[in-house]
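Try each task before you read its solution.

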Amino acid sequence: MSDLSHINDDGEVAMVDVGAKAPTMRAARARASIQLLRSTREALFEGSLPKGDALATVRVAAIQGAKRTADLIPLCHPLALDAIDVDIEATDDGAVIEVEVRLTGRTGVEMEAMTGAAIGALTLYDMVKGVDRAARVSSVELLTKSGGASGEWKRD
């Protein structure tokens, strides 16, 4: 169990001590996908959904989700994030929400990027559920991360 960073020497769950780490520039980008009916996708990107400007609401929710990650994921450190970028793009079968998070700090921001993307996708579902109950959040995945001891990583 000693190879698991959130397990202490007694085999108990523990928060990782990052106090001795030197701050470095860190970034992560994650994506969440949602499948939508064609008519729903068109209304979303035309801005004509009954609940209003879903794209703006999703952006704000994704930012808030990234900022509140430590409140949602028990062993995540509260972080002072430097920047959060949110991109929402149409796909053939719906939309993708990509969130990039950056900071200078002692621990990475992969969970913040993934949480932001997930909360963005769930918010999008909430914005379209009245017209598309079959909408489906299908994946949340890390795309890239940089910084820290493990350096660069990119999904193939």
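Predicted model: local features only at pLDDT ≥ 70, side-chain atom pairs only at ≥ 80, totals over all residues.

Residues are numbered from 1 along each chain as its sequence is written, and side-chain values use heavy atoms, with hydrogens and water left out.

**Exercise 1.** Work out which order the helices and strands come in along the sequence.

*Solution.* Start by counting: there are 4 helices and 5 strands (DSSP runs, H or I of at least four residues for helices, E of at least two for strands, numbered from the N terminus). Then read along the sequence, and you get β-α-α-α-β-β-α-β-β. For scale, the C-alpha trace spans about 55 × 30 × 30 Å along its principal axes.

**Exercise 2.** Find what share of the contacts between residues at least 6 apart in sequence joins residues at least 24 apart.

*Solution.* Next, take the contacts between residues at least 6 apart; 70% of them join residues at least 24 apart. Ala20 itself belongs to the segment before β1 (24–35).

**Exercise 3.** Decide whether Thr69 and Ala20 are buried or exposed, then describe the surroundings of Thr69.

*Solution.* Use the cut-offs: buried is under 20% relative accessible area, exposed over 50%, partly exposed in between (1.4 Å probe, protein chains only). Thr69 is at 0% relative accessibility, so it counts as buried. Ala20 has a relative accessible area of 81%, so it is exposed. Leaving out residues up to four places away in sequence, Thr69 touches Cys76, Met111, Glu112 and Thr115.

**Exercise 4.** Check the span of helix α4 against expectation, and say what covers its buried residues.

*Solution.* Helix α4 (residues 110–128) has 19 residues. The expected span is 1.5 Å times one less than the number of residues, giving 27 Å, and the first-to-last C-alpha reach of 27 Å is close to that. Its buried residues include Glu112, Thr115, Leu124 and Val128. Their cover includes β1, α1 (38–46), α2 (54–67), α3, β3 (94–105) and β4 (136–146).

Notes: Contact = heavy atoms within 4.5 Å.
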